[in-house]
Amino acid sequence: MTGIRNAAAARLSERLHGFRSLGDNCEFGFVQRYGGVEPSGLLRFSYTPMEDLIRGLRCGFADFGAPGDLRIAVSAGGTYYCHSVAYNIWANTGHPAGSIDPEVLVEREYGRLAHLKRKMLDDLADGSKILVRKLGRDTPDSEFARLAEAVWAHGPSTLLRVTAAGPDWPPEPARRVADRVIAGQVRRFAPTEQAWEVDLEPWIHLIDSAYALAHDQAPTDLGAGAFADALTLPSGLRRHAGRHRTPALSAYTRAVDPADLGTDRAYVFSTWVWIPETFGGERVFAVAGHGRLGWRDADLSRRGCWQRVWAAGRMRPGVDREPVGLGMIGTRQDQFWSFGARFHEGPIPEEGAAPTVRMPPARLPGRRLFGWLRSKLP
């Protein structure tokens, strides 16, 4: 099965490569990472205040990375950040504090940032990338207009203006609001200090539709059947019960061989779950290989209805087996149901309607439950 590639996943990866971050914080950098791509970018993992960004653009970041400009500092989370004194830009180096000599690191940063600055100015000149900037609800239009003016002084780039819609976010496509300005919304932004806590699905929808609009193409079809199965899983109704007397992890996973899939792309496990009113566990979640690139855990405040949980991850090279499936933190008194399991390549699950499967009563004797399940399984 090595070399699986489906059209929807490939198209989303290609489109994610067509964007560059204009800072604010690291969130859009994580959006691209969780989407399975790692493009370089001067401001991809940087905290960049708007006024300093505009000032830097106006002078081509002339003093960014000049001798004496860079300082290494440790963040509250224990990571080395590289600070540009001239522009108040804080870039995440990706190095945990103590993992490298700060003097060695700062010298590397001077070389890295010099390369990325030249590349950014080239991108601005040819206008080949869509530039992403998040804006708070209170940001005045005049501030974004000044940003656009500073960008267009270098070349004809298109800007994507992103705002947060709130919990009632509608999956609407991006819209063109000016000749070289596209606007769109996501449900929420990641917390400033936890930029990795990305709500990925709205971001992927926005990026796909913005790219399609900018390049006069059709949006990617993310409906049922958009992604081919990477592995066939039992998709019928299943009951999951805890296995421990005290709250602990119970795993309902299948071990897969990374060599059969490939380690250079994202894969998604998704399923619908039904949390009974009597559930007392702490968490129900999905897993797809090593770590999680994107995810949605079960909302335990929603009981007696179907909700989708999913996780995306990568397969690690040199590992014999990776887990794919569900997990629960709870006791043997806790149980829940799942239906419609899928495992496919891509950054997010495909869209689809909730199951119409009728659920059993909250409590059924063992033999009756077994017979009811057999009647429902394919």
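**Helix packing, aromatic pairs and cysteines in a predicted model**

Good morning. Contact here means heavy atoms within 4.5 Å. Helices (H or I, at least four residues) and strands (E, at least two) are DSSP runs, numbered from the N terminus.

This is a predicted model, in which local features need pLDDT of at least 70 and side-chain atom pairs count only at pLDDT 80 or more, while totals for chains, interfaces and linings use all residues. Residues are numbered from 1 along each chain as its sequence is written, and side-chain values use heavy atoms, with hydrogens and water left out.

Which residues of α3 are buried? Helix α3 covers residues 50–58, and its buried residues are Met50, Asp52, Leu53, Ile54, Gly56 and Leu57. In general, an α-helix has 3.6 residues a turn, so residues three or four places apart point the same way.

Just after α3, Gly60 has a positive phi of about 65 degrees. Phe61 also has a positive phi, near 50 degrees, and is a residue other than glycine. As background, most residues other than glycine have a negative phi. Phe61 sits in the loop between α3 and β3 (70–74), and with 0% relative accessibility it counts as buried. A positive phi, near 55 degrees, is likewise found at Asn88, a residue other than glycine. Asn88 belongs to the loop between β4 (79–84) and β5 (89–96). Is Asn88 buried or partly exposed? At 28% relative accessibility, Asn88 is partly exposed.

I turn now to helix α6. Helix α1 (residues 7–16) and helix α6 (residues 200–214) have axes that come within 10 Å and cross at roughly 75 degrees. Axes are lines fitted to C-alpha atoms, for helices over the stretch in contact, and angles run from 0 to 180 degrees between N-to-C directions. The two helices α1 and α6 are therefore roughly perpendicular to each other; angles under 35 degrees count as roughly parallel, over 145 as roughly antiparallel, 65 to 115 as roughly perpendicular and the rest as oblique.

From α1, the residues Leu12, Glu14, Arg15 and Leu16 meet Ile204, Ile207, Asp208, Tyr211 and Ala212 of α6. The residues of this contact of α1 with α6 comprise six nonpolar, no polar and three charged. For these classes, Ala, Val, Leu, Ile, Met, Phe, Trp, Tyr, Cys and Pro count as nonpolar, Asp, Glu, Lys and Arg as charged, and the others, Gly among them, as polar.

How does α2 cross α6? The axes of α2 (residues 27–34) and α6 come within 10 Å and cross at roughly 85 degrees, which makes α2 roughly perpendicular to α6. On the α2 side, Glu27, Phe28, Val31 and Tyr34 make the contact, and on the α6 side Leu200, Trp203 and Ile207 do. By class, the contact of α2 with α6 has six nonpolar residues, no polar ones and one charged.

How many aromatic pairs does the structure hold? There are 13 aromatic pairs. Rings of Phe, Tyr and Trp (its six-membered ring) pair if their centres lie within 6.5 Å; planes under 30 degrees apart count as stacked, over 60 as edge-to-face and the rest as tilted. One of the pairs joins Phe19 and Phe28, with ring centres 6.3 Å apart and planes at 65 degrees, so the pair is edge-to-face. Phe19 and Phe28 are both buried.

Phe30 and Phe45 form another edge-to-face pair, at 5.2 Å centre to centre and 70 degrees between the planes. Phe30 lies in helix α2 and Phe45 in the loop between α2 and β2 (46–47), so this pair ties together parts that are 15 residues apart in sequence. Phe30 is buried at a relative accessible area of 12%, and Phe45 is buried at 16%. Ring pairs also link Phe19, Phe28, Trp203 and Tyr211 into a cluster.

I close with the cysteines. The structure holds zero disulfides (a disulfide is a pair of cysteine sulfur atoms within 2.5 Å). For Cys26, which is in no disulfide, the nearest cysteine sulfur is that of Cys82, 13 Å away. Cys26 is buried, with a relative accessible area of 7%, whereas Cys305 is partly exposed at 25%. Thank you.

How values were computed. Buried < 20%, exposed > 50% of the residue type's maximum accessible area, 1.4 Å probe, protein only.
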